[in-house]
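Please take a moment with the sequence and the structure shown here, and then follow the paragraphs below.

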Amino acid sequence: MELTVWTYEGPPHIGAMRIAASMDAVHLVLHAPLGDSYADLLFTMIARSPARPPVSYTSFQARDLGGDTAQLVKTRLAETVARFKPQALLVGEACTAELLQDQPGALATGMGFDIPVIPLELPAFTRKESWGASETFHQLVRSLLSGRPVPEGAGDPASRAKAEGRRPRANLLGPTALGFRCRDDVAEVTKLLDTLGVDVHLVAPAGATPADLVRIPEADFNLCLYPEIAHSTCIWLERMFKQPWVRTVPIGVGATRDFLLEVARLAGADPEPALAQARTRLPWFSRSVDSTYLTGKRVFIFGDATHVMAAVRIAREELGFDVVGLGSYSREFARELRALAEEIGVEALITDDYLAVEAQVAELHPELVLGTQMERHIAKRLGIPCAVISSPVHVQDFPARYAPQMGFEGANVIFDTWVHPLMMGLEEHLITMFREDIEFDDGQVPKRRPQAAEVSATGGAEAGVPEHERAEARAPAAGESEVRWETDAEKELRKIPFFVRGKARRNTENFARERGIKVIYVDTLYEAKAHFGR
Amino acid sequence: MTETASSSSTTAHPAGSSSALPIRQERGERQAFCGLSGIVWLHRKMQDSFFLVVGSRTCAHMMQSAAGVMIFAEPRFGTALLQDRDLAGLADANDELDRVVRELLARRPDIGTLFLVATCPSEVIKLDLDTAAARLQQSHNGRVRILAYSGSGLDTSFTQGEDTCLQALVPHLPELPAMERSLLVVGSLADVVEDQFKRLFDKLGIGPLHFLPPRRAADLPPVGPGTFLIAAQPFVGETIDALRERGAHLIAAPFPLGIQGTRAWLHAVAAAWGVAPELVDEVIAAPAARAETALARYREQLSGKRVSFLPDSQLEIPLGRFLARECGMQLGELGVPYLDRRLMEPELALLPANTRLTEGQDLEPQLERLRAERPDITVCGLGLANPLEAEGLTTKWAIELVFTPIQGFDQAADLAELFARPLNRRQRLGF
């Protein structure tokens with residue numbers, strides 16, 4: 001058993017639902033008790049999907065357990081096929097049904113449906129959501145393509161396209177429902193490929209039907225856009241159909257350039273015109289003097305492996321940040337993440353324990369957190385600016401506007417998304433600097449405002465203090481009792497921008513403790529500052 | 001289709017019922033939260049308690065989705081995730097649970113009452129949490145109270161989890177001294193609503209007054225033969241039964257939703273207490289008049305509109321009664337997760353004679369009936385709301401009716417407003 005408060009990933013059957021919900025003409029029957037239908041709201045409320053996911057539940061209850069739950073499965077299977085007439089049927093079970101061992105997949109296979117039936121093994125007590133999605137996609141592609149012939153000329157995309165007198169074409173694999181900005185990434189990558197003279201053959205699983213999946217081998221190569229979902233499928237397709245696949249995920253300016261070069265090499269295209277017409281403001285905005293303050297910002301990055309690895313490169317090479325910590329809940333890619341972390345001299349935090357991530361953020365006290373919804377909560381509580389870069393996501397991460405992460409436009413979006421929270425920080429800093437100015441002093445009753453009765457001497461000050469500062473004041477670990485802050489030193493500390501104040505407080509207290517200093521004066525603060533540098 | 005093992009519909013006229021409403025009973029695919037979701041409001045209500053769900057990753061994910069990942073502070077609930085090695089041998093699972101509870105209590109010294117919450121997987125592997133709670137209570141004696149109940153989707157639907165939780169508290173309630181009497185209001189209410197009712201009962205001279213659940217789990221109300229019970233929520237049937245076994249008397253009444261419901265609820269208590277009805281009318285005159293004024297505006301907007309309920313929270317019947325009788329709405333299909341006659345008889349008597357009640361659910365046929373009928377507003381769960389909106393149906397999230405203070409005179413108009421708003425919005429939007 002493991003104690004958890006929040007979780008980054010759902011169980012593996014949620015991954016299977018994501019594949020089903022991404023596609024057309026597929027239906028998933030889940031052997032699951034009543035409560036499991038909560039998962040529908042992930043799609044209809046978080047992603048605002050206008051349709052229910054194509055999932056039917058057996059909804060068994062206690063009174064069914066004594067009887068024949070297998071019969072319940074068969075009934076639901078028959079009803080589902082008759083009602084929805086899918087091209088392919090996925091059959092799986094949620095955690096409780098797994099314990100019943102009804103084997104719904106085997107039951108479905110024996111029912112003589114005239115459509116492909118794909119039984120899914122989704123071990124709920126050992127695996128998680130991304131694995132479930134990857135496995136479901138892989139099994140679906142596998143069972144629809146098994147035994148099909150390898151197309152002529154496969155394995156040599158450039159010559160094959162030329163021989164057939166057409167532009168090279170690629171499959172975009174991996175975008176799913178509930179993924180991070182998948183819809184916009186697909187549009188952006190499609191445009192990007194067009195600049196190289198490469199066509200998109202099909203996109204899967206998002207928007208594809210089983211009939212589309214059968215056409216996968218007709219493409220010259222595959223793009224593995226979201227390795228968490230498509231990596232194992234790409235490897236299988238390469239082995240079975242000699243389809244090469246592109247490793248680079250085009251998130252960030254550098255990665256997008258590398259991506260274009262890799263695709264051009266496979267397609268036998270000249271990358272130069274495409275590179276020359278690249279439109280992105282990120283490199284110039286990063287160079288502009290306005291961005292000087294971004295130099296060496298200490299950033300902590302956590303999320304799925306793909307977005308974290310991309311974010312590390314952007315942070316370091318394109319924005320000039322220091323990555324002080326990184327990690328992921330994607331255990332499947334732990335090796336790659338550890339290698340990357342070692343390269344930049346930090347240790348990768350591979351965990352799905354939200355509390356462990358929180359502890360590390362509190363310890364490192366970075367100036368910016370790039371993470372998931374969970375890190376947004378953590379950062380909010382610690383008073384640190386934050387931007388969301390990865391699933392798990394919330395309704396606000398499905399913006400109405402066009403906001404890709406991939407390609408050159410994606411780089412623009414990322415620049416804005418990451419830099420704005422820091423600019424808010426800068427603004428707070430300026431307000432703090434001018435704290436003694438009558439315009440900004442919370443204790444003063446402003447002359448221009450109407451008589452603010454609610455601004456009492458103490459209550460007013462409290463009301464005017466930003467939320468994160470109150471949070472900090474409440475925080476219990478504000479220094480062990482043996483070191484005391486003298487009043488002027490405490491005042492001086494408050495002049496330090498809030499996003500480094502916690503760190504300054506801790507450093508100063510450690511400095512004092514190590515030297516046996518009992519009371520911290522203004523000088524102690526500055527001595528500690530000089531000692532630790534920045 | 002030859003198999004009808006899961007889906008069956010029968011029309012029955014239950015014998016001995018005070019109403020002759022035809023009831024359609026359905027079994028099939030369900031769209032409702034399980035009883036674990038009750039934790040989302042119970043942990044806010046009893047702030048010295050902690051809810052440890054003993055279940056799977058699905059349970060943790062479900063709690064997170066139901067709570068909308070919107071709770072900033074660390075919530076007073078968590079999940080002890082069952083893993084493969086816990087399933088291998090049960091003795092092992094018990095040791096593991098003891099360890100997790102030890103860790104939790106060390107981390108959260110503020111916990112006064114710890115609820116171990118059983119789930120579908122913990123029940124299927126027959127992990128006995130009642131025994132575990134007793135064992136843990138022994139080893140942490142004096143420090144915390146440890147109780148167990150089931151929020152499993154095998155036994156409970158959405159709000160029913162509160163019933164099983166409160167039922168677990170009943171054996172621990174202190175004994176009300178003989179010859180004393182008290183009023184116990186059962187079912188969680190918003191603090192503001194509790195306070196309003198308390199003021200009214202004070203004026204009527206009814207007391208001592210207690211609420212179950214209490215605001216602090218440690219402040220358990222007494223119960224005994226002198227206790228009069230009144231249900232504030234329609235999903236507390238098992239708790240009421242357990243309290244009656246301890247000698248308490250149930251006051252039958254409609255639920256305090258809307259002006260008529262609140263009035264009837266207060267009158268029923270007063271009658272049981274021996275308070276003159278004239279005094280009740282005098283005490284409630286001002287709030288009832290206030291409520292009338294506030295409600296009139298919404299009655300105008302709602303009158304004549306048709307409303308259907310899909311089964312969700314058990315609030316469907318009293319809400320349907322309020323919308324039909326006080327807002328002039330017409331009831332389409334009224335779906336309930338289950339029909340609890342112990343508490344629902346006074347409500348059934350107030351429903352329009354032609355009301356079509358459905359107990360249980362077989363989702364797809366029910367949606368087909370809904371599409372054929374196309375009511376002006378449909379009350380349904382979160383998974384269905386947006387898809388139905390996309391089909392052009394106006395919806396109201398059932399869950400909001402559980403979280404919003406809607407009971408009592410001063411909330412009657414707020415309750416009507418919850419139904420008027422989606423209609424209002426649809427009217428405003430140009431496309």
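Is A:Asp36 buried or exposed? In this predicted model, where local features need pLDDT of at least 70, side-chain atom pairs count only at pLDDT 80 or more and totals for chains, interfaces and linings use all residues, side-chain values use heavy atoms, with hydrogens and water left out. Residues are numbered from 1 along each chain as its sequence is written, while chains are lettered from A and ligands numbered from 1 in the order in which they are written.

A:Asp36 counts as buried because its relative accessibility is 6% (buried means under 20% relative accessible area, exposed over 50%, partly exposed in between, with a 1.4 Å probe and protein chains only). Leaving aside residues up to four places away in sequence, A:Asp36 touches A:His13, A:Tyr57, A:Ala94 and B:Thr58, contact meaning heavy atoms within 4.5 Å.

Aromatic rings come next. Rings of Phe, Tyr and Trp (its six-membered ring) pair if their centres lie within 6.5 Å, and planes under 30 degrees apart count as stacked, over 60 as edge-to-face and the rest as tilted; by this rule there are 14 aromatic pairs over all chains. One of them is edge-to-face, formed by B:Trp41 and B:Phe403 at 5.8 Å centre to centre with 70° between the planes. B:Trp41 counts as buried at 10% relative accessibility, whereas B:Phe403, at 40%, counts as partly exposed. A tilted pair is formed by B:Phe201 and B:Trp265, with 6.0 Å centre to centre and 50° between the planes. B:Phe201 is buried, its relative accessible area being 0%, and B:Trp265 is buried with a relative accessible area of 0%.
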